[in-house]
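Please read the points beside the sequence and the model.

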Amino acid sequence: MTYPHLDGEIRDGRHHMQVRVYYEDTDFSGIVYHANYLRFMERGRTNHLRLMGAEQHALFAQAEAEAPGFAFVVRSMSIDYLRPARMDEVLDIVTWPVAVKGASITLAQEVRRGDELLVKAEVRVAFISEGRAHPIPKALRELLKADIV
């Protein structure tokens, strides 16, 4: 089940999801602790897939038949921390695919406060089935590419 207000939305090929910064997300100085941006971005990637899957149940069932127990796992990530976020701020987590290859997809992600870019990252995610890298099924690969702006 999806909850659009919680899962964010896809606009212009990019997934947008808002998060509020809570006390638990900050360090002793009231600034978001660096590792918590990883949690925010993970939620963005998960909800991006959830929204695509909500409209494409048959596609995900086909991928499951072709690659039983499939999952996406982070293979590598580069991240730039540009500006800090603070408690009670509302952040926009933006996610979009930039490259889809054999068994991996590269996603760009940004954490924004309004128009201000706070953090940018590039994440390479591997598609695995039964614990091993597996080529992304064609139908799923086409769906992911369809979101590329």
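Which residues make a nonpolar surface patch of about 320 Å²?

1. The nonpolar patch. The structure shown is a predicted model. Its nonpolar surface patch is made by Leu38, Val74, Met77 and Tyr81. Strand 3, which spans residues 71-81, supplies the largest share of this patch, with 3 residues.

2. Methionine 77. This member of the patch is placed in strand 3. Its relative accessible area is 32%, so methionine 77 is classed as partly exposed.

3. Overall architecture. The protein chain contains 4 helices and 7 strands. Read from the N terminus, the order of these elements is α-β-β-α-α-β-β-β-β-β-α.

4. Burial and surface. Of the 149 residues in the protein chain, 40% are buried. The chain exposes about 8,500 Å², and 51% of that area is supplied by carbon and sulfur atoms.

5. Salt bridges in general. The structure holds 7 salt bridges. Side chains of opposite charge can pair when their charged atoms come close. Three of these pairs are described in the points below.

6. Glutamate 9 and arginine 11. A salt bridge links the side chains of these two residues, with an N to O distance of 2.5 Å. Arginine 11 has a relative accessible area of 37% and is therefore partly exposed. Glutamate 9 is likewise partly exposed, at 38%.

7. Glutamate 110 and arginine 112. Is glutamate 110 buried or exposed? Its relative accessible area is 14%, and buried means under 20%, so glutamate 110 counts as buried. Its side chain meets that of arginine 112 in a salt bridge of 2.8 Å, N to O. Arginine 112, by contrast, is partly exposed, with a relative accessible area of 22%.

8. Which residue forms a salt bridge with glutamate 116? The partner is arginine 113, and the closest N and O atoms of the pair are 2.8 Å apart. Glutamate 116 is partly exposed, at 28% relative accessibility. Through salt bridges that share partners, Arg83, Glu89, Arg113 and Glu116 are joined into one network.

Notes. Residues numbered from 1 in each chain as written. Predicted model: local features only at pLDDT ≥ 70, side-chain atom pairs only at ≥ 80, totals over all residues. Heavy atoms only, no water. Helix = DSSP H or I, 4+ residues; strand = E, 2+ residues; numbered from the N terminus. Buried < 20%, exposed > 50% of the residue type's maximum accessible area, 1.4 Å probe, protein only. Areas by Shrake-Rupley, 256 points an atom, 1.4 Å probe, with all protein chains shown as cover. Patch = residues over 30% accessible without salt bridge, like charges linked within 9 Å, V, L, I, M, F, W, Y side chains within 5 Å. Salt bridge = Lys/Arg side-chain N within 4 Å of Asp/Glu carboxyl O.
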